[in-house]
Amino acid sequence: TGDVAGLLFSDAANKPDNLPPAVGLHSPYWLLSFLKRYEDEITTVFLDIAGPHPMQASPGDLINALAL
């Protein structure tokens, strides 16, 4: 469909094993900068998509939460 989704993991224990170990080891400041840069291209962000408590948010909602 051409839609771009972001995947975030709250803990390395929730990250799928098939992703390299260093994937996603960034600070909240890095994430805020990344989301601001690509906000118009990312359609949705999934948090802990594999569980234990999956959630979904828009890039804008996460930018607002990170900016607090």
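Predicted model: local features only at pLDDT ≥ 70, side-chain atom pairs only at ≥ 80, totals over all residues.
Residues are numbered from 1 along each chain as its sequence is written, and side-chain values use heavy atoms, with hydrogens and water left out.

The sheet is open and has 3 strands in the order 1-2-3, with mixed pairing; strands here are DSSP runs of E of at least two residues, helices are runs of H or I of at least four, and both are numbered from the N terminus. Two strands count as paired if DSSP finds at least two bridges between them. Strand 1 and strand 3 stand at the edges with a single partner strand each, so one side of each is left without a neighbour in the sheet. From one strand to the next the twist averages 25 degrees, where angles run from 0 to 180 degrees between N-to-C directions and axes are lines fitted to C-alpha atoms, for helices over the stretch in contact. Strand 2 and strand 3 run antiparallel and are joined by 3 bridges, and Phe 46 has Gln 56 of strand 3 as its bridge partner.

Helix 2 lies across strand 1, strand 2 and strand 3, and runs at about 60 degrees to strand 2. Within this helix, which spans residues 59-66, Pro 59, Gly 60, Leu 62 and Ile 63 are buried, buried meaning under 20% relative accessible area, exposed over 50% and partly exposed in between, with a 1.4 Å probe and protein chains only. Seen down the axis of helix 2, these buried residues fall within an arc of 160 degrees, so they line one face of the helix; the arc is that of the directions from the helix axis to the C-beta atoms. Their cover includes strand 1 (4-8), helix 1 (28-38), strand 2 (42-47) and strand 3 (55-57).

Helix 1 has Leu 31, Leu 32 and Leu 35 as its buried residues, and seen down its axis they fall within an arc of 100 degrees, so they too line one face of the helix. The face turned away from that buried side carries the exposed residues Tyr 29 and Arg 37.

Pro 28, Leu 31, Leu 32, Leu 35 and Lys 36 of helix 1 make the contact with Pro 59, Leu 62, Ile 63 and Leu 66 of helix 2, contact meaning heavy atoms within 4.5 Å.

Leu 35, in helix 1, is buried with a relative accessible area of 2%. Not counting residues up to four places away in sequence, Leu 35 touches Ile 42, Val 45, Pro 59, Leu 62, Ile 63 and Leu 66.

Two loop residues complete the tour. Asp 48, in the loop between strand 2 and strand 3, is buried with a relative accessible area of 9%, and, leaving aside its neighbours within four places in sequence, is in contact with Leu 8, Phe 9, Ser 10, Asn 14, His 53 and Pro 54. Glu 41, in the loop between helix 1 and strand 2, is exposed with a relative accessible area of 51%.
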